[in-house]
Amino acid sequence: MLQSLRRLLMVALAAVLCVNLAACSGAQAQPPTLSTEDIASIERQAEGFLAARDRLPELADLVNRRDWTFTRNLIHGPMQEVGRQMLYINQRLLPDDQPEAERLAAQLKRSLAQLDEAARLQDAEALRKTYIAVASGFGKYAQILPAQVKEDLKQI
């Protein structure tokens, strides 16, 4: 009798486990998404970032002409807020996207600082090389913007 009761208990336990496992695996979790507030905040900051990126042809012309003063003026003027804008964008991105965004932002800020230093030292070769890094940095960072932001700002 005791052995029959154990078998019945084992069958019942197995049935409960099967039902629980089946219930747990049925619904798949939704991937995390950005809120409308996050999208709006990112768009506000991305507008300034993209406006600075749109000044790259002007910066290229200054670099090609070796116009040391106006190169530095452009970096310290219209492009000065890029670091802050990327910081605010990074804070609103999904947690999985933040490390890459922070890495790209740091790389771009470093390239802008090197470009400024090359202009200060009037080093034409360093100026040319670091301009390429700056332009590349803007392009790479713009790619991490969420698809909705790119679409809303007509970047797609």
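Trainee: Where is confidence lowest in the protein, and where is it highest?

Mentor: The general idea is that where pLDDT is low, the predicted coordinates should not be read in detail. This is a predicted model, with a mean pLDDT of 88 for the protein and 80% of its residues at 70 or more. Confidence is lowest in helix H1 (residues 2–26), where the mean is 58, and highest in helix H6 (residues 98–121), where the mean is 97.

Trainee: Which residues have the most contacts inside the largest nonpolar core?

Mentor: That core has 37 residues, and those with the most contacts inside it are Phe-49, Leu-59, Leu-108, Leu-115, Phe-138 and Tyr-141. At least two residues each come from helix H2 (36–53), helix H3 (56–64), H4, H5, H6 and helix H7 (124–143), and H6 gives the most to this core, with eight residues. If we leave out residues up to four places away in sequence, Phe-49 touches Val-82, Gln-85, Met-86, Leu-108, Phe-138, Tyr-141 and Ala-142.

Trainee: What is the relative accessible area of Phe-70?

Mentor: Phe-70, which lies in helix H4, has a relative accessible area of 49% and is therefore partly exposed. The C-alpha atoms of Phe-70 and Ala-119 are separated by 9.2 Å, although the two residues are 49 residues apart along the chain.

Trainee: How should I read the largest pocket, and which residues line it?

Mentor: In general, rolling a probe the size of a water molecule over the atoms shows where empty space is left. Here about 150 Å³ of space lies in the largest pocket, and its lining consists of Ile-75, His-76, Met-79, Gln-80, Val-82, Gly-83, Met-86, Lys-109, Leu-112, Ala-113 and Asp-116. Two or more lining residues come from each of helix H4 (68–76), helix H5 (82–92) and H6, and the largest share, four residues, comes from H6.

Trainee: How many residues of each class does that lining have?

Mentor: By class, the lining of the largest pocket has six nonpolar, three polar and two charged residues.

Notes
Residues are numbered from 1 along each chain as its sequence is written. This is a predicted model: local features need pLDDT of at least 70, side-chain atom pairs count only at pLDDT 80 or more; totals for chains, interfaces and linings use all residues. Side-chain values use heavy atoms; hydrogens and water are left out. pLDDT is the predictor's confidence in each residue, from 0 to 100. On a 1 Å grid over the protein atoms alone, a cavity is a set of points where a 1.4 Å probe fits but cannot get out, and a pocket is an open set with protein on both sides within 12 Å along at least five of seven lines; lining residues have an atom within 4 Å of a point. Grid points are joined across faces, edges and corners, and a volume is the space filled by probe spheres set on the points. Ala, Val, Leu, Ile, Met, Phe, Trp, Tyr, Cys and Pro count as nonpolar, Asp, Glu, Lys and Arg as charged, and the others, Gly among them, as polar. A nonpolar core is a set of buried Ala, Val, Leu, Ile, Met, Phe, Trp, Tyr and Cys residues joined through side-chain atoms within 4.5 Å. Buried means under 20% relative accessible area, exposed over 50%, partly exposed in between (1.4 Å probe, protein chains only). Contact means heavy atoms within 4.5 Å.
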